[in-house]
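Hi,

Here is the structure I said I would pass on.

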Amino acid sequence: MKYVLVIADGSADDPIPALDGLTPLQYANTPVLDKLAGSGELGTAKTIPDGMQAGSDTAILSILGMDPCVYFAGRAPLEAAATGINLSPGDIAYRCNMLSIEDADIPFEEKKILSHSAGAIDGESSDKLIADLFSTPGFKETAEKAGIKIYPGSSFRHIAVQANISFASCVLTAPHDHLDEPLGKFLPYGSENAEVLKSLIKQSHEILNNHPINEQRRLKGKLPANCIWFWAEGTAVKLPDFAERYGKTGAVISAVPLCQGIGVLVGLEKIHVEGATGELNTNYEGKADAAVNTLDKHDFVIVHVEAPDECTHNGDLEGKLQAIEWIDSRVLSVMLEKLKKKNVDYRMLVISDHRTLTSTRGHDSGLVPYVLYDSRFDAKTGMSFSEAEAESRKTTVPGTGLMDLLFKE
């Protein structure tokens, strides 16, 4: 028996007036998802514990059976693990985003955050900008005095590590939760170290705003990567071994360091797929092929697709619909066909880790739909895959119980 977990990141949503009151999952053309729902077990899951911030960090920990209230120590350390960054005692890891903030001639604090990903900036440009920034006189000395070292991430996601520091009372904010809002009230505050981070953020805008790369981006109609942003702080974390707990070996396929890092920390193999980006234009078929091939040597595989979440943050409803449809036609369809040809029995869990709302372009902690399909049985429910259909089943499981459900015989 083989086991597959497919995470359609942020695909769950609320009803949208522009879609005639339907959610993207209801509106999109998803015949494979609907087939799985019509033959499998449909329900809802609570992946975000009460009182915790909604995000893939807490949600994916929960889905993999780890209570975020116990194991969550910050997002950045999970991402650091994906790239082999070793945190020493006393180190703090931060996510360091490349942001786009508006070009208006107004005070820095009044400028709005236009994009948390600098318009989905390409990795080469992002790495060059962050390297130039941290080597600029003045900025370089401030960062070094604060004990901050940068690790380029080849996307808008970089990791900064600060040595021998406490972030007690330091309040940092996720930029994707405050798009199109003035950034002033979301700058770091609460401690002396927060003032250092705030100073570096402000300096970064002064240095990056007229960088040649950004001038070229503007000429091409692209958003500039004209500011950095520290958030997702945390310390080193140790997670329980997946194979020891569930008796299954496994692998993780994702273009996102967070998902990769969680997988690495629980002992899953990280599988690289050429052309996987974490954006709408990614190698969907490559992920599907890699997942089925991985099952030749492992019992379990995670296939994580970030595109619906990123499209929602970018305010791209058409892109979100396209992402959902491509997950259906270019990931699930390909996987099911290949598994059928291999004549292997399998159980597949498909879930949205959290809701990402078109109305706010941010995350939400509401219940998410899941479908559990077993290739050996046809439950003949006649259901389709959506939030409303899942809620109608009146079956809600805690996120931490999903792996037990998947591996149950």
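To get you started: in which helix is Gln 203 found? The answer is helix 8, residues 192–208. Before going further, note that this is a predicted model, where local features need pLDDT of at least 70 and side-chain atom pairs count only at pLDDT 80 or more, while totals for chains, interfaces and linings use all residues. Residues are numbered from 1 along each chain as its sequence is written, and side-chain values use heavy atoms, with hydrogens and water left out.

A word on naming: helices (H or I, at least four residues) and strands (E, at least two) are DSSP runs, numbered from the N terminus.

Back to Gln 203. Its relative accessible area is 18%, so Gln 203 is buried (buried is under 20% relative accessible area, exposed is over 50%, and partly exposed is in between, with a 1.4 Å probe and protein chains only). Leaving aside neighbours within four places in sequence, Gln 203 is in contact with Gly 138, Phe 139 and Thr 142 (contact means heavy atoms within 4.5 Å).

Now the helix pairs. Two packed helices are described by the angle between their axes and the distance between the axes. The axes here are lines fitted to C-alpha atoms, for helices over the stretch in contact, and angles run from 0 to 180 degrees between N-to-C directions. Angles under 35 degrees count as roughly parallel, over 145 as roughly antiparallel, 65 to 115 as roughly perpendicular, and the rest as oblique.

Helix 12 (residues 284–294) and helix 14 (residues 317–342) have axes that come within 9 Å and cross at roughly 30 degrees. Helix 12 and helix 14 are therefore roughly parallel to each other. Their crossing is right-handed, meaning that the near helix is turned clockwise from the far one by less than a right angle. On the helix 12 side, the contact is made by Tyr 284, Glu 285, Ala 288, Asp 289, Ala 291 and Val 292; the residues they meet in helix 14 include Trp 326, Arg 330, Met 335 and Lys 342. By class, this contact of helix 12 with helix 14 has eleven nonpolar, no polar and five charged residues (Ala, Val, Leu, Ile, Met, Phe, Trp, Tyr, Cys and Pro count as nonpolar, Asp, Glu, Lys and Arg as charged, and the others, Gly among them, as polar).

How many of the eleven residues of helix 12 are buried? Eight of them are, so helix 12 is largely enclosed by the rest of the structure. Among the buried ones are Tyr 284, Lys 287 and Thr 294. The cover over them includes strand 8 (250–253), strand 9 (269–271), strand 10 (300–305), helix 13 (307–313) and helix 14.

Helix 14 also packs with helix 2 (residues 31–39), at an angle of about 50 degrees and with the axes 8 Å apart. That makes helix 2 oblique to helix 14. Pro 31, Val 32, Leu 33 and Leu 36 in helix 2 meet Asp 328, Leu 332, Ser 333 and Leu 336 in helix 14. The residues of that contact divide into six nonpolar, one polar and one charged.

Residues in the contact include Arg 75 and Leu 78 of helix 5, and Pro 257 and Ile 262 of helix 11.

Helix 3 is followed by Gly 65, with a positive phi near 90 degrees. As for helix 6 (residues 123–134), its twelve residues should span 16 Å at 1.5 Å a residue, and its end C-alpha atoms are 17 Å apart, which agrees (the expected span is 1.5 Å times one less than the number of residues).

Finally, the loops. Most residues other than glycine have a negative phi. Ala 120, though not a glycine, has a positive phi of about 55 degrees; Ala 120 lies in the loop between strand 4 and helix 6. Ser 154 also has a positive phi, near 55 degrees, and sits in the loop between strand 5 (148–151) and strand 6 (157–162). At 49% relative accessibility, Ser 154 counts as partly exposed.

Cheers
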